[in-house]
Amino acid sequence: MIKQTQKRSIAQDGCFVPSVQGLRGVAALSVLMDHFYDMPKGGVYDVPDPGFLPPLWPWLQSVINVGGHGVELFFMISGFLIPASLIRHGSLSQFFFDRILRIMPVFLVLHIALFVVGPVVGYKFFRGIDAGSYVAVFASNLLFLQDLLGLPIAQQNAWTLTYEWAFYIWFAASFTALKFGGRTVAGPLVLIGAACAFHWPITAFFCIGMLLSAVKFRINAPGALGLIAGLACAVAMYAGLTLSHPFASLLPGFLLFAMVLAPESGVSRALSTAPLQYVGKVSYSLYLVHPFVLFPLQVVGLKLVALGVDRWLLWAAFIGLGAVMSLIASAISYELIEVRLRRVLDRYLRGLFIRPSPDMQHSVSAGTHAIRR
């Protein structure tokens, strides 16, 4: 009974919502699906059916190709969780320390691996790269400034982390300005955020999460009809992103997320199933790791299709092996980097950068005393 109460309170505080965890899994799988379609092309887009991609029906190509818009789902989730996270931390230094500890370990391990192995295998922009360009691309990608400086993106999916970090900084600055300076001080920052949303429309999806974190509006559409309604909103959102303007997808995205956050809705229950919960748990690793897993399979597929191996066979093997190997690699990354390495870094670095507040010290000492008792 106590565990159920704790779990319910955690969900209400925004720390953990099972359906949001499941939506993370859907977002990561959506991007994975897009790369199952895109990577077999081998970087060739001006001829029909390039690489080892078999001839597909145009409607199927369109359906698969929208998978890359799973990033907008991630943005909605961040917009919902970050405000509660900042308030819960009660300190900008603690908030950003935990954000760095959450994002950087997996990113940094893959970043270093890419810049060590990339020149050896001649991966993309590493072919013939000079020392100065190497350092510039390494540093700009490490600091998420590659877009601003017009330099190549190293990790295929890490471009979205630039938007994530910009959102963290903007929201923390706006929240602090509102808290200590009122609306007059926070107003210009809000206007800057609005201008950014118009210039980079996909960032408007952060606003959906923020809005639903600030209000209690939920759409509790239960059962199969509720699930169908949620799927219809998802289809409308993805279609709007592909066929129209991102702003055309904000309303269906808002309705979808409002269903996701309603505990008894059909969408929420579907997302709370065990498989999606696990994929959601490893979704960050899955999102960043799977291009590294798919790349050697892509190279092998391109070589085999040149030798005359059937495209359908190669594509099916690419999807099957790619899915299994990506999930295994993500599980390993999660356990070794997100859990164990993060725990070690937390233990040794938190004391160097974060000074516990008196309230924290009191709670820790009280907890230690309780354990001893």
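Local features were taken at pLDDT of at least 70 and side-chain atom pairs at pLDDT 80 or more, while totals for chains, interfaces and linings use all residues of the predicted model. Residues are numbered from 1 along each chain as its sequence is written, and side-chain values use heavy atoms, without hydrogens and water.

The structure holds 4 salt bridges. Helices are DSSP runs (H or I, at least four residues), numbered from the N terminus. Asp98 is buried at a relative accessible area of 18%, whereas Arg350 is partly exposed at 24%; buried denotes under 20% relative accessible area, exposed over 50%, and partly exposed the range in between (1.4 Å probe, protein chains only).

A salt bridge also joins Arg102 to Glu338, with an N to O distance of 2.8 Å. Here too distant parts of the chain are linked, Arg102 being in helix α5 and Glu338 in helix α15, 236 residues apart. Arg102 is partly exposed, with a relative accessible area of 21%, while Glu338 is buried, with a value of 7%. The side chains of Glu264 and Arg269 form another salt bridge, at 2.4 Å from N to O. Of these two residues, Glu264 is partly exposed at 41% relative accessibility and Arg269 is exposed at 51%.

Helix α15 has 43 residues, but its end C-alpha atoms are only 54 Å apart, against the 63 Å that a straight helix would reach at 1.5 Å a residue. The expected span is 1.5 Å times one less than the number of residues. A kink of about 35° in α15 is centred on Arg347, the bend at a residue being the angle between axes fitted to the seven residues ending there and the seven starting there. Buried residues of α15 include Trp315, Phe318, Gly322, Tyr334, Ile337 and Glu338. The buried residues of this helix pack against α2 (18–38), α3 (58–65), α5, α13 (274–281) and α14 (283–306), with contact defined as heavy atoms within 4.5 Å.

Asp49 is located in the loop between α2 and α3 and is partly exposed, with a relative accessible area of 25%. Leaving aside residues up to four places away in sequence, Asp49 touches Pro54, Pro55, Leu56 and Arg311. Asp49 and Arg311 are separated by 262 residues in sequence and by 9.7 Å in space, C-alpha to C-alpha.

A nonpolar surface patch of about 530 Å² is made by Leu108, Ile112, Val116, Val117, Val120 and Val121. Patches are made of residues with over 30% relative accessible area and no salt bridge, like charges being joined within 9 Å and nonpolar side chains (Val, Leu, Ile, Met, Phe, Trp, Tyr) within 5 Å. Accessible areas come from the Shrake-Rupley method with a 1.4 Å probe, and for residues only the protein chains shown count as cover. Ile112 of this patch is found in helix α5 (residues 92–121) and is partly exposed, at a relative accessible area of 43%.

Key: Helices (H or I, at least four residues) and strands (E, at least two) are DSSP runs, numbered from the N terminus.
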